[in-house]
Amino acid sequence: MSATANEHRVGDVRILSLIDGYATEPAREILVKPGFPGDPWNAHADLLNDDGDLVMTMGAYLVETGDRKVMIDAGLGTVDNDKFHGGAMLDSLAAFGLTPADVTDIILTHLHFDHVGWCTQKGEIVFPNATVRCHADDWAYFMEGPDAAPGAVRKLAPVTPHLELFDTDGTIAPGVDVRHAPGHTPGSVIVVVSSGQERAMLIGDIAHCTAELTETEWEAVFDVDRDLARRTREALARELEGTDTPVAAAHFPGLQFGRLLAGQGQRSWTFG
Ligand SMILES: [Zn+2]
């Protein structure tokens, strides 16, 4: 693992971190611990800026496996407002000598706006050769159901001719598998990257910050089904702790990989 800060190796597979921008959210409003006495953020001040905000990196990953270049999520897009600041995705690709035409597949971990931003711009497809894939439950929820999100419909309707939905766990490309991990959204997925005996996990928004993996009592206001999201996180944390599996989430600082370590009654997280 780890050649540079933005490039990671899993056996023969290379994973690039593509930074698009960042967002700031008031931590105490978006991540809460029901029933916890006092302020649960007191123990995690190191994760916040001086204003008590969680600064979340926005972006995507690119998995290079054989002749496939598989983007995991599609960033925030050109959004730039008081909370969300995107726009750097194509420059990040270019820094690796890549253009949008090189991308063969896009796997969307879920369909929130900060994960689909570069699928289209002003109604035009950005990655002309990419098959776009996501779980059928998220497509139904965000694009077709009673709670359909107009922003998602506007952003994603143009990719429909290039869309392939899946509703079972399985292999998308050599060494790239998806696993249903519902709760944050109905069709949220984890991507497992493997090569030989090595593997890594890209966990999307199963956790927005490392504290959600070390203490799984947190609830995130973004989670569509908070109870299911918490159970999904807990199961993942139990699976990961002590395995030394490199893990990257969609919004951890700098899109760095890290590991969840088992401890005496308290898990810990280490980057690198
Ligand atoms: Zn997100």
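Q: Which residues does Ile106 touch, leaving aside those up to four places away in sequence?
A: Two residues count as touching when their C-beta atoms, placed from the backbone, lie within 7 Å. In this predicted model, Ile106 touches Met71, Ala74, Cys119, Phe127, Ala130, Val132 and Arg133.

Q: Which residues have the most contacts inside the largest nonpolar core?
A: A nonpolar core is built from buried residues such as Ala, Val, Leu and Ile, joined through their C-beta atoms. The largest one here holds 72 residues, and Tyr61 and Ile106 have the most contacts inside it. Strand E4, residues 53–65, contributes the most to this core, with 7 residues.

Q: In which sense do strands E14 and E15 run, parallel or antiparallel?
A: Strands are said to pair when at least two bridges are found between them. Strand E14 (residues 189–195) and strand E15 (residues 198–202) run antiparallel and are joined by 5 bridges. One example is Val192, whose bridge partner in E15 is Met201. The hairpin of these two strands has 2 residues between them, and Gly196 there takes a positive phi near 60°.

Q: In which sense does E15 pair with strand E17?
A: E15 pairs with E17, residues 247–248, in the parallel sense over 2 bridges. Within this pairing, Leu202 stands opposite Ala248 in E17.

Q: How many helices and strands does the protein chain have?
A: The secondary structure comes to 7 helices and 19 strands.

Q: Why does the radius of gyration of the protein chain agree with a compact globule?
A: The radius of gyration is taken over C-alpha atoms and is set against a rule based on the number of residues. For 272 residues a compact globule would have a value near 19 Å, and the protein chain has 17 Å, so the two agree. Along the principal axes, the C-alpha atoms fill a box of roughly 50 × 45 × 35 Å.

Key: Residues are numbered from 1 along each chain as its sequence is written. This is a predicted model: local features need pLDDT of at least 70, side-chain atom pairs count only at pLDDT 80 or more; totals for chains, interfaces and linings use all residues. A nonpolar core is a set of buried Ala, Val, Leu, Ile, Met, Phe, Trp, Tyr and Cys residues joined through C-beta atoms within 7 Å. A residue is buried if 20 or more other C-beta atoms lie within 10 Å of its own, exposed if 12 or fewer, and partly exposed in between; C-beta atoms are placed from the backbone. Helices (H or I, at least four residues) and strands (E, at least two) are DSSP runs, numbered from the N terminus. The radius of gyration is taken over C-alpha atoms; the globule rule is 2.2 Å times the number of residues to the power 0.38.
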